Amino acid sequence: MPDAIDLARQLRVHLDSLRAAGVLFVPRGEPLVIASTQGAHAPRSEPEPPPDPLAARRHELAVLAAEVEACDRCPELFSTRTRTVFGVGPIDPDVAFLGEAPGGDEDRAGEPFVGKAGQLLTRIINACGFTRDEVYIFNMAKCRPPGAAGSGSANRQPTPEECANCRPFFERQLDLVRPKFLVALGNIPAKALLNTTTGITRLRGKMYEYRGVPLLCTFHPSYLLRDETGERKRDVWEDMKLLLRTMGREVPPVKKG
Ligand code: URA
């Protein structure tokens, strides 16, 4: 017969495998009644209310955000960041927008897309008929990549290695947030999700799928800010119309001015 230490070990292995399979709560049932030759009756407890799966996912996201905060996988980003930038928005949103990495404004605020590119992203979100708080906003990399010394540039793109370090965080985050649609902004997230070297100009304008979520790739708002022709903005609006039609939503009329 297994002794108590053996039973505890087996129970731990069992709970670990349940957790790995996504089972986060095991309802407490009847207290275990050990058959007794003396006929003693163990007291019965009231059944617990069923766990709230949304609360469980929110809790898992908070645990993940804390793991990200403690992360030191990229020495340069770890030593230069003001704070990590995890993501904002509700879980189970209709749509989530994915950028590349925080810039200086985001590094200070701890929130993605709050600088100039973020203001443009908010306008795009609003033009689609959403408010900013209805959508989820996050980045592939959770720390600001600082500009190379002497480059005169405040930020740089995250390296493939930095993106790879952050990828397990991003994937768990996506699985917990469960957006109905995902929009990748710019080359870095689009190429990473589609595992391709093809650039955003050719990837945009079509629907794909990533981890079971319908995915659209479009230009990054920072790129739109640099494009003086206005043509890339028109392309992004075409992409947003495709997204809205695929979602079965009405396309709002374009506001002039
Ligand atoms: N650019 C991004 O890709 N993400 C941000 O959060 C800000 C700017």
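Which residues is aspartate 239 in contact with, leaving aside its neighbours within four places in sequence? I looked this up before anything else. The list is Arg204, Gly205, Leu216, Cys217 and Thr218. Contact here means heavy atoms within 4.5 Å.

**Ground rules.** I am reading a predicted model, where local features need pLDDT of at least 70, side-chain atom pairs count only at pLDDT 80 or more, and totals for chains, interfaces and linings use all residues. Residues are numbered from 1 along each chain as its sequence is written, and side-chain values use heavy atoms, with hydrogens and water left out.

**Aspartate 239, continued.** I placed aspartate 239 in helix H10. Helices (H or I, at least four residues) and strands (E, at least two) are DSSP runs, numbered from the N terminus. Aspartate 239 has a relative accessible area of 1%, so it is buried. The cut-offs are under 20% for buried and over 50% for exposed, with partly exposed in between (1.4 Å probe, protein chains only). Its side chain makes a polar contact with the side chain of threonine 218, at 2.6 Å. A polar contact is a pair of N or O atoms within 3.5 Å; within protein, one must be able to donate a hydrogen and the other to accept it, and residues adjacent in sequence count only if both atoms are side-chain atoms.

**Whole chain.** I noted 10 helices and 5 strands in the protein chain. Buried residues make up 38% of its 257 residues. Among contacts between residues at least 6 apart in sequence, 68% join residues at least 24 apart.

**Core.** I turned to the largest nonpolar core, which has 53 residues. Such a core is a set of buried Ala, Val, Leu, Ile, Met, Phe, Trp, Tyr and Cys residues joined through side-chain atoms within 4.5 Å. Val95, Phe97, Leu182, Leu193 and Met240 touch the most other members. Helix H10 (residues 231-247) gives this core its largest share, 7 residues. I then checked methionine 240. Not counting residues up to four places away in sequence, methionine 240 touches Phe97, Ile124, Cys128, Val183, Leu216 and Thr218.

**Helix H2.** How far apart are the end C-alpha atoms of helix H2? They are 24 Å apart. The expected span is 1.5 Å times one less than the number of residues. Aspartate 52 caps the N-terminal end of H2, with a side-chain oxygen 2.9 Å from the backbone nitrogen of leucine 54. The buried residues of H2 are Ala56, Arg57, Glu60, Leu61, Leu64, Ala65 and Val68.

**Ligand.** I listed the residues around the ligand: Gly99, Glu100, Ala101, Pro102, Glu106, Pro112, Phe113, Asn139 and His220. Each has a heavy atom within 4 Å of it. A ligand nitrogen lies 3.0 Å from a backbone N or O atom of alanine 101. A ligand oxygen is 2.9 Å from a polar backbone atom of phenylalanine 113. For histidine 220, a side-chain N or O atom is 2.8 Å from an oxygen of the ligand. The protein covers 92% of the 240 Å² of accessible area that the ligand has on its own. Accessible areas come from the Shrake-Rupley method with a 1.4 Å probe; for residues, only the protein chains shown count as cover.

**Positive phi.** Most residues other than glycine have a negative phi. I found aspartate 92 with a positive phi of about 55°. Aspartate 92 sits in the loop between helix H3 (75-80) and strand S1 (95-99). Arginine 211 has a phi near 50°, in the loop between strand S4 (207-210) and strand S5 (213-218). At 42% relative accessibility, arginine 211 counts as partly exposed.
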